[in-house]
Amino acid sequence: MADTKNPITNVKGEFIRGVTAFRNWIKDEPSAEYQPEANRYHLYVALACPWAHRTLVLLKLKGLDHVISYSTVDTLLEFEKGCGWAFGEKYPDPHHPTFTHLKDVYKLNEPDYSGRVTVPVLFDLKTQKIVNNESSEIIRMLNSEFNKLARHPDLDLYPESLRSRIDELNEQVYPKLNNGVYRAGFAKSQEAYNNAYEDVFSMLDILENILSKQRYLIDNKQITEADVRAWTTLLRFDPVYVTHFKCNKKMISKDYPNLYGFVREIYQIDGIKETVNLDEIKKHYFASHLMINPTGIIPRGPEINYDLPHGRDHLQ
Ligand SMILES: N[C@@H](CCC(=O)N[C@@H](CS)C(=O)NCC(=O)O)C(=O)O
């Protein structure tokens with residue numbers, strides 16, 4: 001039985017993220033098992049979670065929030081109890097009102113499921129099965145397979161001509177930044193923490209440099225999935241990762257003017273702000289990870305106004 005209570009670390013004290021369990025694909029093809037249909041799929045997300053947040057951003061950017069429903073799990077993840085993400089009065093499972101935990105949804109696929117129960121989950125209401133619980137794959141499906149139903153079918157966040165550059169950047173940003181902040185925060189040895197800290201800030205320096213010359217990370221004119229994937233981490237950086245995960249060499253809002261403008265620009269795109277709840281984000285991290293913040297006290301600062309003009313129009 002897997003340890004589902006604590007973040008997993010290896011003998012060197014390095015945080016190891018688990019392998020995602022369910023990897024089916026929705027395809028806009030007549031023979032596909034999972035076809036893109038309106039009101040067939042549901043996303044389970046946590047507002048705090050940067051991986052789940054990617055999928056909500058895609059719903060908004062593609063104009064799919066009338067086609068795919070979503071609901072949020074409870075703010076706190078009570079690691080010590082080992083039950084994982086919970087539903088509650090304020091956060092019910094709209095499709096299974098008797099379910100108390102997200103693991104009940106996982107058990108619909110595998111009654112004996114004993115792996116990690118993570119968000120996001122893309123769930124098929126028709127077969128009552130999880131289609132996929134890997135955010136990087138869910139966002140690809142939302143980008144390309146629902147275009148007949150999307151309000152913005154022409155927006156392509158993973159265009160053929162940019163794919164190799166997107167993949168190349170993602171391969172750096174995922175270990176060094178997206179997962180890098182977790183590697184710093186959950187490290188159980190000084191060396192593991194030091195390595196993660198170096199990775200995080202070397203990646204931020206690289207991204208700041210790119211964004212000083214062009215509007216988005218891959219292309220000057222067009223937002224891509226590489227921007228979305230970096231953004232959900234960048235948004236949480238100052239409010240959470242600087243203190244909670246000890247990534248405190250620099251702050252985005254003070255030391256990285258281009259990253260800060262980029263965070264504000266994406267925040268200000270139609271519909272995106274609605275997916276951001278900074279109070280929930282802070283409460284989740286500081287009050288759930290009691291192994292690194294035993295008092296559960298939530299810092300009040302920093303005060304950042306993501307509505308300030310982003311000042312990036314001149315780059316187009
Ligand atoms: N590879 C997954 C990772 C998802 C993930 O780790 N989600 C975290 C929340 S930020 C989670 O649900 N953790 C619960 C646990 O590990 O018990 C993805 O990108 O979708």
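Modeller: Axes are lines fitted to C-alpha atoms, for helices over the stretch in contact, and angles run from 0 to 180 degrees between N-to-C directions. Helices (H or I, at least four residues) and strands (E, at least two) are DSSP runs, numbered from the N terminus. The model is predicted: local features need pLDDT of at least 70, side-chain atom pairs count only at pLDDT 80 or more, and totals for chains, interfaces and linings use all residues. Residues are numbered from 1 along each chain as its sequence is written, and side-chain values use heavy atoms, with hydrogens and water left out.

Colleague: What orientation does α6 have relative to α9?

Modeller: Helix α6 (residues 190-213) packs against helix α9 (residues 257-267) with axes 8 Å apart and an angle of about 75°. Angles under 35 degrees count as roughly parallel, over 145 as roughly antiparallel, 65 to 115 as roughly perpendicular and the rest as oblique. That makes the orientation of α6 to α9 roughly perpendicular.

Colleague: How do the residues of the contact of α6 with α9 divide by class?

Modeller: Contact means heavy atoms within 4.5 Å. On the α6 side are L204, L207, E208, L211 and S212, which meet P257, N258, L259 and F262 of α9. Ala, Val, Leu, Ile, Met, Phe, Trp, Tyr, Cys and Pro count as nonpolar, Asp, Glu, Lys and Arg as charged, and the others, Gly among them, as polar. The division is six nonpolar, two polar and one charged.

Colleague: What orientation does α7 have relative to α9?

Modeller: In this pair D227, W231, L234 and L235 of α7 meet L259, F262, V263, I266 and Y267 of α9. By class, the contact has eight nonpolar, no polar and one charged residues. The axes of α7 and α9 cross at roughly 105° and come within 10 Å. That makes α7 and α9 roughly perpendicular.

Colleague: What span does α1 reach from its first C-alpha to its last?

Modeller: The expected span of a helix is 1.5 Å times one less than its number of residues. Helix α1 (residues 50-62) is largely enclosed by the rest of the structure because 13 of its 13 residues are buried. For its 13 residues 18 Å is expected, and the span it reaches is close to this, at 18 Å.

Colleague: How many residues apart in sequence are the parts that Y44 and F123 tie together?

Modeller: Rings of Phe, Tyr and Trp (its six-membered ring) pair if their centres lie within 6.5 Å; planes under 30 degrees apart count as stacked, over 60 as edge-to-face and the rest as tilted. The whole structure holds 23 aromatic pairs. One of them is edge-to-face, Y44 with F123, at 6.0 Å centre to centre and 70° between the planes. Y44 lies in strand β1 (residues 41-45) and F123 in strand β3 (residues 121-124), so the pair ties together parts whose separation in sequence, in residues, is 79.

Colleague: Are Y241 and F245 buried or exposed?

Modeller: Y241 and F245 belong to one aromatic cluster, which also includes Y193, Y197 and F201. Y241 and F245 are both buried.

Colleague: How far apart in space are H244 and N293, C-alpha to C-alpha?

Modeller: H244 lies in helix α7 and is buried, with a relative accessible area of 5%. Not counting residues up to four places away in sequence, H244 touches Y285, F286, H289, I292 and N293. H244 and N293 are 49 residues apart in sequence, while in space the C-alpha distance is 7.5 Å.

Colleague: What value does phi of K246 take?

Modeller: Most residues other than glycine have a negative phi, and most peptide bonds are trans. K246 is in the loop between α7 and α8 and counts as partly exposed at 39% relative accessibility. Its phi is positive, near 60°.

Colleague: What is omega of the cis peptide bond that joins V119 and P120?

Modeller: P120 is in the loop between α2 (102-109) and β3. Another cis bond joins G301 and P302, with omega about -5°. For V119 and P120, omega is about 0°.

How values were computed
Buried means under 20% relative accessible area, exposed over 50%, partly exposed in between (1.4 Å probe, protein chains only).
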